[in-house]
Structures are given as C-alpha cells and as structure tokens.
Amino acid sequence: MIRLRKMQAGEFQDYLAYFIPDYAAEISANYDVDLQAARFRAEQEVEADLGQGVDSPGQDLFCIAIDGAKDAPVVGYFWCKPGGNGGAVFISDFCILPPFRGKGYAKQALAALEAEYAGAGHRDIRLRVAADNDRAQHLYQAAGFQVTGINMRKPLAEERSE
C-alpha cells in the first residue's frame, strides 16, 4: 500500500535533483531547445513556482511512500496546484522513481491523491502528459482520466525570406 505525505524541507533538494534534469530533457525534446537552455528554463520555472520550497504558496508537494515499510522509502513524488474553493487540482509533476516502477505504485499513488483532494472538497484533477509518453497515457486512462484536448506545436523558420 502507498501513502502520501507532505514533503519535508530536507527532501526538497532530492526532489529538485530528480525533477530539473527530467523536466529539462522534456523541454529539450519537445521544443527543439538545447539541453543547457532547457535546464535554464526548467530552473527559472521552478524558481517562479517553488521559490519558497515546500512552503511555496498555492503548491502542494508530496512524497509517495510505502505504507508500513521500515523507514518508508520515498518511491516517488507529486507536485500539485490545487484551485481555490474546491476547484480543480492540476498535477504539475508525478513520478515513480525508476527502481520502484512496474510494481503498481503509480495506480495506488493516483488513488491516494484522489482521496486526498476529494476529502478536501475538490471536484477534479487535471494534468498534461507528453504525446510520446504512451505508458503515462495508458496509466491515466486506466485510472479514469479522460482526454480533454491536445497540445500542438509547429516550429517556424528562424529566418524568413520574402
């Protein structure tokens, strides 16, 4: 069984050590940006949203742990932005760390997150998933998420000739 717990200040740097390179790789792959520029963008976005660490206003950071396990190892993370007055909760990041994948923890973590926010009066959970992440898309659809739109992009040439 999985349980969610609020991330502690001492765990925030471990989260960033995973998140920033992962997010930079996604930015680089999806927006034709070199990895160094993508990392800078990822760091800037994290600073804007999580500048106060685990105490950043309007942000919820959770560690996903194995319930009842000795020393309850962290198997993953959630970063969520709950809307006010029971509005939608947006999952900014969800990760099960590589050594713990394929064990059913992701489904359990999503169910725990649903219970957390339903109990607080929120009406739905939303997220964005990369088009090339088939595994995540399958997980979310199996958990009852519905596709509500598709992000699209077309790069334009840097120089235009007339």
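**Aromatic rings in a predicted model**

Biologist: Welcome! Which ring does the charged end of Arg-41 sit over?

Modeller: This is a predicted model, where local features need pLDDT of at least 70, side-chain atom pairs count only at pLDDT 80 or more, and totals for chains, interfaces and linings use all residues. Residues are numbered from 1 along each chain as its sequence is written, and side-chain values use heavy atoms, leaving out hydrogens and water. A charge sits over a ring if NZ of Lys or CZ of Arg is within 6 Å of the ring centre and within 35 degrees of the ring normal. For Arg-41, at 5.2 Å from the centre, that ring belongs to Tyr-31.

Biologist: How many aromatic pairs are there?

Modeller: Rings of Phe, Tyr and Trp (its six-membered ring) pair if their centres lie within 6.5 Å; planes under 30 degrees apart count as stacked, over 60 as edge-to-face and the rest as tilted. By this rule, the count is 11.

Biologist: What kind of pair do Phe-62 and Tyr-117 make?

Modeller: Phe-62 is buried at 2% relative accessible area (buried is under 20%, exposed over 50%, partly exposed in between, with a 1.4 Å probe and protein chains only). Tyr-117 is buried too, at 4%. Their ring centres are 6.2 Å apart and the planes meet at 80°, so the pair is edge-to-face.

Biologist: And how are Phe-78 and Phe-94 arranged?

Modeller: Phe-78 is buried, with a relative accessible area of 0%, and Phe-94 counts as buried at 15%. With 4.3 Å centre to centre and 10° between the planes, their pair is stacked.
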